Amino acid sequence: PGSADAAGEPDWVTAFVQKKEERDMVDRLKEEQIRRKKREDHLEKIRHNVQLKYAAKRKRCEEDEAKRLLQLSKEALPQGAGEGVLDQLDHNEEELILAEYESDDEKKVVSGLEEDDDDLEEEHVTKIYYCSRTHSQLSQFVREVQKSPFGKDTRLVSLGSRQNLCVNEEVRRLGALQLINDRCMEMQKNKHEKKSDEVNEGKKRRVSRTVCPFYSYEQMQFLRDEVLVEVKDIEQLVSLGRETKACPYYGSRFAIPAAQLVVLPYQMLLHEPTRNAAGIKLKDQVVIIDEAHNLIDTITCIHSAEVSGSQLCCAHSQLSQYMERYRKHLKAKNLMYIKQILYLLERFVAMLGGNVNQNPGCQAVSQTGTVLKSINDFLFQSQIDNINLFKVMQTLSVRAQLFGFVERYGHPASAVKTNKENQKLAGLQNFLLTLQQGSDKEGTPQSPPLEAEHDHLRTASPLMQIEGFLSALTNANQDGRVILSRQGTVGQSSLKFLLLNPAVHFAKVVAECRAVIIAGGTMQPVADFREQLLCCAGVDPARVVEFSCGHVIPPENILPIILCSGPSNQQLEFTYQTRDLPQMMDETGRILCNLCNVIPGGVVCFFPSYEYEKQVYGHWEKTGLLSRLAAKKKIFQEPKKANQVEQVLVEYAKCIKRCSQTGGQMTGALLLSVVGGKMSEGINFSDDLGRCVIMVGMPYPNIKSPELQEKMTWLDKRMPRAAGQAPSRVLTENLCMKAVNQSIGRAIRHQKDFASILLLDHRYARPAIFNKLPQWIRERTQVKPAFGSAFAELRK
């Protein structure tokens, strides 16, 4: 009895169990090592064996040739030979292509290769996930890896959206991401269902069922190996996919388990369903999130969702037609869920004050305005609190079928176009019918050009948006709000879910990863990240380490000045009350005129908003200040449309280059831009493109916006007061200073660069604000009460 432990087992039993566990562990490690060795050998073989490299490509060419011959023989058949023979051939051809792919997989099983492959897929090597905001930033990073000493033997894979990676021209042509996604999923479904369809259906149905020629298991395996052998960026990956006729979107996913470095846009990593779909496993891995200054906004954005009244009505009409058409073929359970979704849509439209069966474009809303509700209140008031949203979400997989259905039966989605001549039709239903009958005769009526952009997006099945909104409603009550925005008509009104607590979605990343690095060029103020993201996600404060380093430029290469008053001693304070005064706008103009006299090259001037920039520009035109400015610098304005940005920048750069070469009266160009606009992030004004950056006033966010007000209230309830300041006040200050730091950081882009930075507003000198400037700027900043001494410094 003395030697038995609490469980009543003798020592030798315990010892034996322990030994066995240790032995198993050693065996496991050995197996893993053998597997890893196998993988490395496999890749090494591909690296050095050119024959292997092109074998798969050759096989593919042979297949194509066989297909072409089949096609020719089919066309060569005499037309009179009757349907039977043709049908037979078509049938055979499909059998043939399918048999090819299937047999590849089966061969593997027979030869025992399959197990090997399975292991390759299962075991995830320890890896680093590197995320950034845009594809161009990721490409830059991949190029750096290629240049580095690690470029040769690092296994790196780049992930992207279907929009960036799809190589099927028919699908690419759809343009909108959601259309591309829906079509791709539909094609895959067809591939899986084809086998069963062939047995029991006639020819007619099968013709419309296309499968994607690039979605071939074997070719994608080949692509995976190619990706792992040599570092490739997105462009190289796409051209490899075209060449080998393999899908880069899925092929790159096959490479994830064996890769050491996975490069991806951060939306993909931060959204759990997308992460799981891509096969990304974060357990014990390292995640680096670069360009993370707007991480909180990004998480909030990804998990917030908005649906308009017209989308809800459109989805309702599509779904009810789908139900009517296939009622006999649907299982009772599915029918029930479809009815539930229809009920949900009806209730949502009712919440906006409309009726689902009437054209959303002609129903006026009685009480306009914005209302905020908690999730529970919204569910109760719309009388859907008794429906299991999680179950309904699973049923929304009808999306793919519905997409096919809408494609086939004359685009009911165009029902949403709010054309004048159609507004007379009361019910959406009869409108749809007229559309379907009339489209053959005169084509669908033209929508006004303004709407063309929207229509392009709207043809996509609106169920995707609605799925997003429903999934948002499954968040915890305290973490979000529903915003009902009732405007003009039901069609223009919308329901929006706003996420208030980004930490709930970030917590999982932090919990699973071994280390998370949040990095960026200008991350100040950092407190937001620590409090809103990490503390709320339950991270132990001891685990958070901050590190920041100085800039590569010498101190004399930058001159930041906070200017408190202008040339005529007008105090600079651009608050909502004072910034519209003519004397403030005149003073701003005078400052710019003086600066443009002495600053060579390009000057970039940031305004807090598009509206204010327009107002100031108009005022300068009236007072003749604009022509005085234009004598020294050619004036450019930031365009509102994203697709015109490139053109403006090219012209701006050309003008500066021209002036510096020819000399004369004109010394360069002046670019008027907007904080948080297209120019304040991701664009480099290096060297002569930005010798001076001017910040007009302080870009505080619009405090009247219901979203911001709700976030402020939420923070005041949940967060402790910091240094006597309310968390909501800190939030607005931080949002403002993050925007400022992003914008002024555009000017210094490399070691030899130099620029002056001018902050026009005496409020920048307040300690609370001043301390939120990036350290490398703060250390060199001078506060100038009067314009004279500031001008002398700048001139020097």
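Here are some exercises with worked solutions on the structure above.

This is a predicted model, where local features need pLDDT of at least 70 and side-chain atom pairs count only at pLDDT 80 or more, while totals for chains, interfaces and linings use all residues. Residues are numbered from 1 along each chain as its sequence is written, and side-chain values use heavy atoms, with hydrogens and water left out.

**Exercise 1. Find the strands that pair with β13, and say whether β13 is buried or exposed.**

Step 1: Start with the terms. Helices (H or I, at least four residues) and strands (E, at least two) are DSSP runs, numbered from the N terminus. Two strands pair if DSSP finds at least two bridges between them.

Step 2: Look at strand β11 (residues 601–607), which runs parallel to β13 and is joined to β13 by seven bridges. One place to check is C605, whose bridge partner in β13 is L672.

Step 3: Now turn to strand β12 (residues 633–637), which pairs with β13 in the parallel sense over five bridges. Here F636 stands opposite L671 of β13.

Step 4: Trace the chain through β12, helix α29 (residues 645–662) and β13, which make a right-handed β-α-β unit. Right-handed means that, with the strands pointing away from the viewer, the path from the first strand over the helix to the second runs clockwise.

Step 5: Check the cover. Buried means under 20% relative accessible area, exposed over 50%, and partly exposed in between (1.4 Å probe, protein chains only). Strand β13 (residues 668–674) is mostly covered, with seven of its seven residues buried.

**Exercise 2. Work out the strand order of the five-stranded open sheet.**

Step 1: Read across the sheet: the order is β2-β3-β1-β4-β9, and the pairing is parallel.

Step 2: Pick out the edges, β2 (156–158) and β9 (515–518), each of which pairs on one side only.

Step 3: Follow the twist, which averages 15 degrees from one strand to the next. Axes are lines fitted to C-alpha atoms, for helices over the stretch in contact, and angles run from 0 to 180 degrees between N-to-C directions.

Step 4: Zoom in on β2 and strand β3 (residues 261–265), which pair in the parallel sense over three bridges. In this pair, S158 stands opposite V263 of β3.

**Exercise 3. Explain why helix α10 is largely enclosed by the rest of the structure.**

Step 1: Get the length. Helix α10 (residues 217–229) has 13 residues and reaches 19 Å from its first C-alpha to its last, close to the 18 Å expected at 1.5 Å a residue. The expected span is 1.5 Å times one less than the number of residues.

Step 2: Look at burial. Helix α10 is largely enclosed because 11 of its 13 residues are buried; among them are M220, F222 and L228.

**Exercise 4. Describe helix α27 and its surroundings.**

Step 1: Helix α27 (residues 610–623) has 14 residues and reaches 20 Å from its first C-alpha to its last, close to the 20 Å expected at 1.5 Å a residue.

Step 2: Its buried residues include Y610, V616 and W620. The buried residues of α27 pack, by contact (heavy atoms within 4.5 Å), against elements including α26 (582–598), β11, β12 and β13.

Step 3: See what comes next: α27 is followed by G624, whose phi is positive, near 85 degrees.
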